[in-house]
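These are my notebook entries on a structure I was asked to look through. I record below what I looked up, entry by entry.

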Amino acid sequence: MKALTVGSATIDTIAVVDSDRIERMSMLNADSSFLLLEEGRKTEAHDISTHCGGGAVNAAIAMARLGFDVSALVKLGQDARAETILARLMQEGVSTRWALRDGRLPTGASVMLASHDRNAAIFTFRGANTLLEVDDLRDDAFAVDIVYISNLSNKSADCFAELVKRAKARGAVVAANPGVRQLSARGVAFQQSLGTIDVLAINRAEADILVPVLVAKFGEGGPTLALGPGEEPPTLAVRGLSAGGFEMSLVAFFKALLSMGPKVVLLTDGSRGAYAGSNEEILFMPALETEVASTSGAGDAFAATFVAYKVIGPSTADALRAAAANAASVVSHVDTQTGLLTRGAIADRIAALSHHRIRRWNSTGGAAS
């Protein structure tokens with residue numbers, strides 16, 4: 001099967017700092033925490049390394065290792081960073097036919113600081129990732145089975161509707177994994193395209209951004225997930241989603257978003273697990289226990305793997321298991337790609353998950369029959 005990934009490409013410099021060398025401040029009544037750097041002081045790092053990254057590159061390599069014939073549509077500068085990314089893609093068997101070079105800005109780059117729970121703080125330079133234009137798109141690029149659109153940076157997000165349109169014109173399954181900036185600054189274009197997106201993959205922070213829009217259309221609150229006697233609720237089943245003073249239950253959120261067009265909505269919540277909602281059911285997959293080296297790339301691995309397995313044909317539950325296995329492997333490495341698994345390796349890990357029960361509800365939050 002063929003896939004096209006669209007979005008960012010970066011060179012990532014990753015610094016791993018031991019927890020006793022950097023202070024962390026956690027907010028008492030929020031989920032946020034902050035790494036504190038002393039001004040003017042050198043901090044010893046456990047390791048500093050450089051890797052290729054970016055949403056489109058991570059997704060392309062994930063799908064290539066799953067056996068897909070993959071091409072990447074990315075915007076790169078005329079520089080050494082671009083050459084490194086192109087070489088990496090070719091090394092993984094990803095076609096660079098649609099990779100574009102633009103001398104107006106350097107290739108994107110990021111610096112990641114991982115410490116404590118290894119949930120990296122990221123400094124990002126978007127560079128050429130912001131320069132994708134409708135005139136860059138070629139119809140032949142969309143003659144694939146899957147078009148996976150990762151986060152689009154700044155003005156590149158203006159191409160989103162056209163990307164979806166061209167993919168659907170070719171009969172491709174369209175998966176979108178937008179970021180907070182795209183949903184915040186260019187939310188209208190995103191909403192207008194929801195009707196033709198097959199799989200929408202978002203994390204909790206991105207889901208929160210959508211709450212005020214959904215509340216305006218569908219109202220606040222909503223039913224909660226049914227629980228058996230003594231059953232521990234997943235975090236989002238209790239917390240729900242909120243932003244701007246508006247709140248929605250998880251059940252109401254899925255119902256509202258699905259009514260706008262997507263066939264499946266994937267909602268990841270880091271170490272707290274992931275949910276998949278459709279018009280028939282809501283599933284919850286707990287995160288797999290693993291030693292975490294860095295959380296960078298976990299979301300890309302989870303979303304790309306979930307989409308790939310949904311298209312291959314297994315059930316949504318099997319797609320969640322495969323995605324969880326691949327994401328757990330990725331976070332056991334510092335970079336975003338070393339841990340990406342082949343389909344065979346994922347099958348082996350899934351076979352060992354027979355005890356790892358996926359929780360299931362009907363679409364209204366009631367216990368599944």
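**Entry 1: Cysteines**

I looked up C159 and found that C159 counts as buried, at 2% relative accessibility. I use buried for under 20% relative accessible area, exposed for over 50% and partly exposed for what lies in between, with a 1.4 Å probe and protein chains only. C52 is likewise buried, its relative accessible area being 8%. I then searched the whole structure for disulfides and found zero; a disulfide here is a pair of cysteine sulfur atoms within 2.5 Å.

For the record, the model is predicted: local features need pLDDT of at least 70, side-chain atom pairs count only at pLDDT 80 or more, and totals for chains, interfaces and linings use all residues. Residues are numbered from 1 along each chain as its sequence is written, and side-chain values use heavy atoms, with hydrogens and water left out.

**Entry 2: The four-stranded sheet**

I take helices (H or I, at least four residues) and strands (E, at least two) as DSSP runs numbered from the N terminus. Two strands pair if DSSP finds at least two bridges between them. I traced an open sheet of four strands, in the order β5-β2-β9-β10, with mixed pairing. Its edge strands, each pairing on one side only, are β5 (47–53) and β10 (121–125). On average, neighbouring strands of this sheet are turned by 15 degrees against each other, direction ignored. For such angles, axes are lines fitted to C-alpha atoms, for helices over the stretch in contact, and angles run from 0 to 180 degrees between N-to-C directions.

Helix α2 (residues 80–91) packs on this sheet and touches β2, β5, β9 (108–114) and β10. The direction of α2 makes about 90 degrees with that of β2. I count a contact when heavy atoms lie within 4.5 Å.

How many bridges pair β2 with β5? I found seven, in the antiparallel sense, with β2 spanning residues 10–16. In β5, G53 is the bridge partner of T10.

**Entry 3: The nine-stranded sheet**

I next followed an open sheet of nine strands, ordered β6-β1-β11-β12-β13-β16-β17-β18-β19, also with mixed pairing. The edge strands are β6 (69–73) and β19 (359–362), each of which pairs on one side only. Neighbouring strands of this sheet are turned by 15 degrees against each other on average, direction ignored.

Helix α6 (residues 204–218) packs on the sheet, where α6 touches β13 (199–203) and β16 (264–268). I noted an angle of about 105 degrees between the direction of α6 and that of β13.

Within the sheet, β11 and strand β12 (residues 173–176) run parallel and are joined by four bridges. V174 in β12 stands opposite V147.

Where does N154 lie? I placed N154 in the loop between β11 (146–149) and α3 (160–169). N154 has a positive phi of about 50 degrees although it is not a glycine. With a relative accessible area of 29%, N154 is partly exposed.

N177 is found in the loop between β12 and α4 (180–185). Is N177 buried or exposed? N177 is buried, at a relative accessible area of 11%. Not counting residues up to four places away in sequence, N177 touches Y148, I149, S150, N151, A201, I202, E206, D300 and A303.

**Entry 4: Helices α1 and α9**

The axes of α1 (residues 55–65) and α9 (residues 298–312) come within 9 Å and cross at roughly 50 degrees. The crossing of α1 past α9 is right-handed, that is, the near helix is turned clockwise from the far one by less than a right angle, left-handed being anticlockwise.

P212 lies in helix α6 and is partly exposed, with a relative accessible area of 27%. Leaving aside neighbours within four places in sequence, I found P212 in contact with A243 and F246. The C-alpha atoms of P212 and S242 are separated by 8.0 Å, the two residues being 30 residues apart along the chain.

Helix α8 (residues 250–259) is mostly covered, with eight of its ten residues buried. I listed the buried residues of α8 as L250, V251, A252, F253, F254, A256, L257 and L258. G261 follows α8 and has a positive phi, near 140 degrees.
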